[in-house]
Every structure is written in C-alpha cells, then in structure tokens.
Amino acid sequence: MAAELENPEVMPKLISFLSSVLQRLAESNDLDSIKQQQMVSVFHGLTRPTISIHSYLERIFKYAHCSPSCFIVAYVYLDRFAQRQPLLPINSFNVHRLVITSVMVAAKFMDDMYYNNAYYAKIGGVSTAEMNFLEVDFLFGLGFHLNVTPNTFHTYYTYLLREMLLLQSPLTIVPHNSNSSITVRKSVKLLHSCFSEEDASHQQQRQATV
C-alpha cells in the first residue's frame, strides 16, 4: 500500500484531489456560516490566506519531506477532527492551519525522522509559537486519538483512490443515510466518515469470506 504512494505519478494526483476536496468543503462551510454561527478557534485567521489550498499542499509536500503515508494519515485526522468538533467546521479561514498541523502531527506519529515545529512553522507561514499552540489544540481536538491501524489506513486510502477516479465521471450523490462528516452542498461526498477499527476490520473480514 505505502509502496504505491512512492510512485511519483500518484502523489501529485493525490495532492490535487485533497486540495479539491478541502477547497469545496471550505467554500461550502463559508456559505453555511452566513446562516448559522460558527465558533472561532486558534486555527481561525483574520483573513483568508492568499495562497491556494492546492499550492499550500504542494509546498508542504515539497519541503516537509515526510513519507507519502503521512498525507493519508493527515486526511484521517482531519476527518476525525471534523467529527469530534462539529462547531469548528473547516472553512477558508482555518483550512490552511488545520492542514499544516495535521501533516506535522502525522509525520511525528508515522515517521522515524521528522522536522521540528519551527521548521513546519516556516513551511506553513506561521510563527513557531503559533505552531506550538496549533499542535496542542489539534491534539485535544482529536482527543489524542492518533493511532491509525492498517485496516483504517487501507479503508481511507482505497476510498481516496475510488473518489479520484469518480472525479473523472459525473458527480457522486451521497445516499440519504450517509454519515460522512465532511460533505459539500448538493450532497456531493468529499471525505469518508471515520471508520472505527472494529468496523474496518469486520468489513475486510467479510470481504475475505465472499
């Protein structure tokens, strides 16, 4: 699985897809903020960053030198954060800080060698002090639920690949009973609902017996 991510043709496509997901999500939640009040957190900037999410993710990928798997794990973390913090939806004012923090935390959890907070702060365009605060708030926001089992990793990774292929076809409509935590208007599915380890394991065992 991780070997596939080492393919130089895979990661640029993955970065492009993730940026598209986050961009549409942020724009959708921006519209929702007009109708309902949303909490402001340390991830919330005073203005929208001028750098696009796509360029920001490319910058992180270029300079962080973390393993490609970290971006899948960061994706899992963002989904968990969205589920645990429904009053702090990902929008244009906080998406960049959430992205750089999720990748940094994923690198610390996944990689044997990783850069320190000061280095990630330079990549993300924030101060070291702010990067430290972002990390602490992100960890509490996750409830320190950092472990990603192989089953969960496989579930999210295969979902990403499937959605990347579906982007080349008409938009996929989410079923009414979908419990995905991250969606956009018109029920276009963006991120997968966070699987429990038991659900993912049971799903794979059931597929193996078919």
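Modeller: A residue is called buried when its relative accessible area is under 20%, exposed when that value is over 50%, and partly exposed in between, with a 1.4 Å probe and with protein chains only. What you are looking at is a predicted model, in which local features need a pLDDT of at least 70 and side-chain atom pairs count only at pLDDT 80 or more, while totals for chains, interfaces and linings use all residues. Residues are numbered from 1 along each chain as its sequence is written, and side-chain values use heavy atoms, with hydrogens and water left out.

The protein has 9 helices and 2 strands, where helices are DSSP runs of H or I with at least four residues and strands are runs of E with at least two, both numbered from the N terminus. Read from that end, the order of the elements is α-α-α-α-α-α-α-α-β-β-α. Of its 210 residues, 45% count as buried.

As a general background, nonpolar side chains tend to be buried together in soluble globular proteins.

The structure holds 2 salt bridges, a salt bridge being a side-chain nitrogen of Lys or Arg within 4 Å of a carboxyl oxygen of Asp or Glu. In one of them the side chains of E130 and R97 meet, with 2.7 Å from N to O. Since E130 lies in helix α7 and R97 in helix α5 (residues 95–110), this pair ties together parts that are 33 residues apart in sequence. E130 is partly exposed, at a relative accessible area of 23%. K108 forms a salt bridge with E135, and there the closest N and O atoms are 2.8 Å apart. This pair, too, links distant parts of the chain, with K108 in helix α5 and E135 in helix α7, 27 residues apart. In general, side chains of opposite charge can pair when their charged atoms come close.

On the outside, V136, F140 and F144 form a nonpolar surface patch with about 310 Å² of accessible area together. For a patch, residues need over 30% relative accessible area and no salt bridge, and they are joined within 9 Å if they carry like charges or within 5 Å if they have nonpolar side chains (Val, Leu, Ile, Met, Phe, Trp, Tyr). The accessible areas come from the Shrake-Rupley method with a 1.4 Å probe, and for residues only the protein chains shown count as cover. F144 is found in the loop between α7 (128–141) and α8 (150–166). With a relative accessible area of 47%, F144 is partly exposed. The backbone of F144 also deserves a look, for this residue has a positive phi of about 55° although it is not a glycine. Most residues other than glycine have a negative phi. H65, in the loop between α3 and α4, likewise has a positive phi of about 55° without being a glycine, and H65 is exposed, with a relative accessible area of 54%.

L160 is buried, with a relative accessible area of 0%. In sequence L160 and L18 are 142 residues apart, but in space their C-alpha atoms are 8.7 Å apart.
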